[in-house]
Amino acid sequence: MSDASPAKASPRKALFSEVREFLRERSEEVRAALGDGPAEVGLPVDGKGVRIKVSVPAGQIDRAPRELTFKVNDDQVVVPVEADEDFEEAVAQNHVAT
Amino acid sequence: MPDGNLEMRQLRIWVQEHAIGLLRNPDNGVIGVGVGRKHAGPLDDDSAPLSVTAFVERKLSQRELRREARPDFAESFAATAGASAADLEMEIDVVDAGGAIQPLAGLKAPSTQRGAFGGKPPAIDLQDRFERLRIGLGITNPHRAYPNYLGVGTAGFFVRDEEDRLYVVSNNHVIADENNAQVGDSIVQPGTLDLTRAELSTMGAINQLQQHMQIGELSAWVDIQFPTKRNTPNNYVDVAIAEIDENRRDVSEVARIGLGGNMRGIRSLVVDEVTGALNMSPRVHKAGRTTGWTEGEIVNVAVAIPVGYGGGSAFFVDQIGIQPTADNNGPFSAAGDSGSGIFNVDHELVGLLFAGSPGRTIANPIDEVMTQITAALGRGPLRPA
């Protein structure tokens, strides 16, 4: 059962490497938290704090929670979520024609 | 070659002594003088004699010369030196300059018209055929497609194995046909999508393409894992590798210092645990077949995103997200740029470009690329070359 959920009492702030590992190895929990529909998630590297950036299609911003908590060893950690309706579908960039 | 050098010196002395006289003669139409090879050949081509070269706005025919009562050029030329044409001991060559020689004026326009006056595209066209491979050129695996389907991606970067064999790295979907390729498949340059109609006509079969365009053979790739009904696997890289001959790689200084050739190793991205700041400048650049040289900024890492392929959508995690900087006049990447190596400001390789959208480019982190392609190839550690 996923432990990615809206905030509970007294979780500590997640470190960058913890969130990276979470997104890398437990992406299905993130997708479950975001619900149906395409989305892109990532970690901004602008130095303004560790947070998850979620991009969803227009009109779907309510899909994104305000923050996510998950377990790292025995710790409950929390990471803020920043959402924008700026999702763009990514495609492999070779060029093929008939 | 002493004789050749002596002749060059003698001709240069002649030009220094007589160029003004030639240029001041209004009857000969000369607008510039120099020393070159007859028939405007390259200076290092000894098959053509050295000559005094005179530039004219337009080369006149003998009939036009007679109609305009202009003196024979050789006579006019010799007269400048106080001699007759029969006495000239040097070759002379008249070259049509195509018009007057004049300084290239700067372009001025009101600031409200910024961007309205574009120029010609860059002189180095990464879609052209090159004798030797360099980073950024278009490449294709034509098997199972040519000539009915034409495609192109980009040569990303070079590596060597333990035995010093040389490889070019690109994407699986560029040279390994989304897992459907075979080891030994030919890799050609330019990409088949960039062949002219004449080339397509004269190389209508794949064996002809191989004969004329092959630059390497596919060696290994990492499979792209597509979702099943039960499972959506994570993908970390989209990478393939092809062995190339040493003599097929351009290692000239021009190729090394330009278009991403002179790689100074690889660099893993490190981010501060608390602030989330990257430990290097986020500014990156790449050279790719379609958009050429572009500059961007790494805006996020650990990106998880579905990516569309010909064979369906595959889910990628732990990717790098890049946006173009304001200095670009277009996107950081577009279709055909897949496989490009992405370099930081210190010219270290940080990623392998493989996907994107109009406003965003997605790249595999280079440490994961190297780990997985090394394992797939199975020839020991790979090092940047």
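The model is predicted, so local features need pLDDT of at least 70 and side-chain atom pairs count only at pLDDT 80 or more, while totals for chains, interfaces and linings use all residues. Residues are numbered from 1 along each chain as its sequence is written, chains are lettered from A and ligands numbered from 1 in the order in which they are written, and side-chain values use heavy atoms, with hydrogens and water left out.

**Extent of the interface**
- Chain B contributes 51 residues and chain A 32 residues to the contact (heavy atoms within 4.5 Å).
- About 3400 Å² is buried between the two chains, with carbon and sulfur atoms giving 51%; buried area is the accessible area (1.4 Å probe) that two parts lose on being put together, summed over both.
- Glu273(B), Ala302(B) and Asp318(B) supply 15% of the area that chain B buries against chain A, more than any other three residues.

**Salt bridges**
- Four salt bridges cross the interface (a side-chain nitrogen of Lys or Arg within 4 Å of a carboxyl oxygen of Asp or Glu).
- Arg24(A) and Glu368(B) form a salt bridge through their side chains, at 3.3 Å from N to O.

- Helices (H or I, at least four residues) and strands (E, at least two) are DSSP runs, numbered from the N terminus; two strands pair if DSSP finds at least two bridges between them.
- Of E13(B)'s 18 residues, 13 are buried (under 20% relative accessible area, 1.4 Å probe, protein chains only).
- Strand E2 of chain A (residues 40-44) runs antiparallel to E13(B), joined by three bridges; Val41(A) has Ala304(B) as its bridge partner.
- Strand E6 of chain A (residues 90-92) pairs with E13(B) in the parallel sense over two bridges, and Ala90(A) stands opposite Val307(B).
- Within chain B, six bridges join E13(B) to the antiparallel strand E12 (residues 283-288), where Arg283(B) is the bridge partner of Glu297(B); the two strands form a hairpin with three residues between them.
- E14(B) pairs with E13(B) in the antiparallel sense over ten bridges, and a hairpin with two residues between the strands links them.

Technical notes:
Buried means under 20% relative accessible area, exposed over 50%, partly exposed in between (1.4 Å probe, protein chains only).
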